[in-house]
Amino acid sequence: MAFRIDLLTLFPDLVEGYCQYGVLSRALREEIVALQCWNPRDFTSDRHATVDDASYGGGPGMVMKAEPLDRALQTVRENGPEGRPVIYLSPQGRRVNHDLIECAAAGEGLILLAGRYEGVDERFIDQHVDDEWSIGDFVVNGGELPALMVVEAITRLLPGALGDGESAQQDSFSTGMLDYPHYTRPKEYAGVAVPPVLLSGDHRAIARWRMKQALGRTWSRRPDLLAGLELSAEQCKLLDEFKAENPKPGELN
Ligand code: 9WO
């Protein structure tokens, strides 16, 4: 069965537009993932289809009303499998990382809530939201882009979603390391040559160089990630070589 995602959003066209491209469109076509958008506006009954209202306590900005979301969620529950968590994308949430995405991808699906305005009535969150997720410490204008990032990150991990050339196994964060640098033609650009080992045809030497670069970048840019790794003796040696070749400014070897 397809991994089933329902997304509550005031802008379903925005979400559906993004889904027409690339790996995501193919995964949807091949029913590896199923994504359905639900607009709370379609679950209103007043003449103006009101989905937002002023904030109790005053101040600028509007708040998403609970009832249209409640009715939309009821319909989602009636139409989908039981037991999927409701996730609200918000800067107040738990930070999303590869482990969380992997964990979600192992389940049968998600119900995502993309907020707009200043947020969602807290009573809806208390009663219906199982978890709040943040993709980073910054604020955007709505949860749609964060939701799409979650959808795309999960889809990449589903069996069959990526083609032969595009394994997720070697991705950053599957390895626990940052990626190595990539080069393509021409051999020289802006006076800078491609590292000669990549032109050597020596596949073992190339694999070693890439591992060394991946380790080195993780060491210099994300020491927090490196701390979580168990390096082999070979990897320790490669990292030491990297450090010797790329001393930090002011550092005497
Ligand atoms: C607005 C705001 C203004 C001052 C201080 C804090 C603030 N938080 C918000 C806010 O959360 N606005 C939201 C807009 C309401 C819910 C949807 N919006 C949203 C989601 N903006 N950014 C996200 C988001 C979601 C996941 N990861 C990062 C950001």
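Buried here means under 20% relative accessible area, exposed means over 50%, and partly exposed is in between (1.4 Å probe, protein chains only). The model is a predicted one, so to speak of local features takes a pLDDT of at least 70 and side-chain atom pairs count only at pLDDT 80 or more, while totals for chains, interfaces and linings use all residues. Numbering runs from 1 along each chain as its sequence is written, and side-chain values use heavy atoms, with hydrogens and water left out.

**View 1. T44, tucked into a loop.** T44 is in the loop between strand 2 and strand 3 (52-54); helices (H or I, at least four residues) and strands (E, at least two) are DSSP runs, numbered from the N terminus. With a relative accessible area of 17%, T44 counts as buried. Its side chain reaches the backbone oxygen of R41 at 2.7 Å, a polar contact (N or O atoms within 3.5 Å; within protein, one must be able to donate a hydrogen and the other to accept it, and residues adjacent in sequence count only if both atoms are side-chain atoms). Setting aside neighbours within four places in sequence, T44 is in contact (heavy atoms within 4.5 Å) with A49, T50, V51, P68 and R71.

**View 2. The largest nonpolar core.** This core has 28 residues, and L110, L112, W133 and I154 have the most contacts inside it. A nonpolar core is a set of buried Ala, Val, Leu, Ile, Met, Phe, Trp, Tyr and Cys residues joined through side-chain atoms within 4.5 Å. The largest share, 5 residues, comes from helix 6. I154 touches F3, I101, A104, A105 and L110, not counting residues up to four places away in sequence. Apart from this core lies another, of 19 residues, among them F43, A66, V76 and V86.

View 3. V194 sits in the loop between strand 9 (192-193) and helix 7 (203-221), and is buried at 11% relative accessible area. Beyond four places in sequence, its contacts are Y183, T184, P186, K187 and L199. The C-alpha atoms of V194 and T184 are separated by 8.1 Å, with the two residues 10 apart along the chain. P186 is joined to R185 by a cis peptide bond, omega about 0 degrees.

View 4. Y117, in the loop between strand 6 and helix 5 (122-128), has phi near 60 degrees and is partly exposed at 36%. A190, in the loop between strand 8 and strand 9, has phi near 50 degrees and counts as exposed at 67%.
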